[in-house]
Amino acid sequence: MNAGDRVRVERAAQTYEGVLLPSSTPAHLVVKLDGGYNVGIDREEASVDVLESDVYDVESAQDEQGTSEIEFDDDLPTVSLISTGGTIASTVDYRTGAVTAQFDAEDVLRAVPDLAGMANYRGRVVANILSENMTPAVWQDLARAVHEEIEAGADGVVVMHGTDTMQYTASALAFMLDTPVPVVFTGSQRSADRPSSDNVMNAVSAVEAAKSDCAEVLVCMHADESDDRCALHRGTRVRKNHTSRRDAFETVGAKPIGEVDYDIDGESTVTFRREYAERGATDLALYDAVETDVELVKFSPGMDASLLEAAAADSEGIVIEGTGLGHVNTDWIGVIEDLDVPVVMTSQCLEGRVCDRVYDTGRDLLDAGVVEGEDTLPGTAKVKLMWALENSDDVESAMQESLAGEVQQRSTPWL
């Protein structure tokens, strides 16, 4: 049997039928099933019948995807593609069945031929990790790389990132960079081997956003479950609200700042619904210093205050995710008052702002020195405090001001 043959494979009372694909390991067979999914099967434990030979020209298909023939065009803008890993730049390890980050930016260009002709591209790899392994040090490396790409003349930057911690990294870059061009994060909820993968539409829409007039840090992901629209979220106001849906990302407290109407024929359009920083209005600047010893503590009923003390023991700042308007058990108040580091209060509620002036507990927290985080999202507040401790002379004031769109002026129904 050869790659490209249609086969029937039996293993452990299971039968699989499809096209045999090349495998990265001789110990496993890889079969593309009729539904579009690939499955890896232990070769020693399987019996195989060839149903039809050479039904699929694997070699030609590989050749088509094997090289990137994107030529420089003076009439096109230049977009830098920066890879950090994640599902949009991943493949399946058929030994374990797990998705692993393996591709660099050039591989993404080969995997998404729809990007050809949209821009001139420069590819760069900052990291090759799944996003749960992201660290502040990688944020810094990424911010420096984006700064260098813009300094070298990039008209826009697309950052390919795993979705699980994308909101943290987008927030970090929003504080670290003053940018005169769009910096657009995108990723994929489903890997490229799946029929329902969102990698092509997200990548194409992100490049369209990187060519737009909105010179901010944005997150570009599916707006709904269909394949016709991507939402553009401000990097400091976005949250991943579903584990697996393609439209997992939402702007909290408002509608997304804009959207990309996706056209498979290459006529996608970008529109914005609110004011934004315009292209070229800001001089490029980098402020990449962060204090890494900052903790985010989520309060829950019955939680012992000793856990807060332990979190604060080696920390330079604490963000608390409190209940409602920004509350914790009254037993915590004395502990907070004794801490000699900034303590910022946020809320577990998905929308609305902290206000510790309504109830006695809140007033006591203010007297204990707690800083209200307004309606900043808890994760964003942690990143902001990390940044403010190194870049602001007045951390308390900085945490209550909107530095990168993270604080909305007031809590209102969606605009």
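Because the model is predicted, local features need pLDDT of at least 70 and side-chain atom pairs count only at pLDDT 80 or more, while totals for chains, interfaces and linings use all residues. Residues are numbered from 1 along each chain as its sequence is written, and side-chain values use heavy atoms, with hydrogens and water left out.

To start with the big picture, the chain has ten helices and 23 strands. Here helices (H or I, at least four residues) and strands (E, at least two) are DSSP runs, numbered from the N terminus. Of the 415 residues in the chain, 50% are buried. Buried means under 20% relative accessible area, exposed means over 50%, and partly exposed is in between (1.4 Å probe, protein chains only). The accessible surface of the chain comes to about 18,800 Å², and carbon and sulfur atoms account for 43% of that. Such areas come from the Shrake-Rupley method with a 1.4 Å probe; for residues, only the protein chains shown count as cover. As for contacts (heavy atoms within 4.5 Å), take those between residues at least 6 apart in sequence: 68% of them join residues at least 24 apart.

Next come the salt bridges. A salt bridge is a side-chain nitrogen of Lys or Arg within 4 Å of a carboxyl oxygen of Asp or Glu, and by this rule the count comes to 20. One of them pairs E17 with R8, at 3.5 Å from N to O. E17 counts as partly exposed because its relative accessibility is 30%, and R8 is partly exposed with a relative accessible area of 30%.

Another salt bridge joins R144 and D141, whose closest N and O atoms are 3.5 Å apart. Both sit in helix α3 (residues 136–151), and because they are three residues apart there, about one helical turn separates them. R144 is partly exposed, at 33% relative accessible area, and D141 is partly exposed too, at 38%.

The side chains of E374 and R353 also meet in a salt bridge (3.3 Å, N to O). This pair links distant parts of the chain, 21 residues apart: E374 is in the loop between β23 (371–372) and α9 (378–391), and R353 is in the loop between β22 (343–347) and α8. With a relative accessible area of 18%, E374 is buried, whereas R353, at 22%, is partly exposed. Elsewhere, R122, R124, E148 and E149 are linked in a network of salt bridges.

D304, E309, D331, E337, D338, D360, D364 and D367 form a negative surface patch. The elements giving two or more residues to this patch are α7 (331–338) and α8 (360–367). Patches are made of residues with over 30% relative accessible area and no salt bridge, with like charges joined within 9 Å and nonpolar side chains (Val, Leu, Ile, Met, Phe, Trp, Tyr) within 5 Å. Lys and Arg count as positive and Asp and Glu as negative; His and the chain ends are not counted. The place of a charge is taken as NZ of Lys, CZ of Arg, CG of Asp or CD of Glu.

Finally, S23 sits in the loop between β2 (14–21) and β3 (28–33). At 30% relative accessibility, S23 is partly exposed. Not counting residues up to four places away in sequence, S23 touches H28 and V30. S23 and G40 are 17 residues apart in sequence, and their C-alpha atoms are 8.6 Å apart in space.
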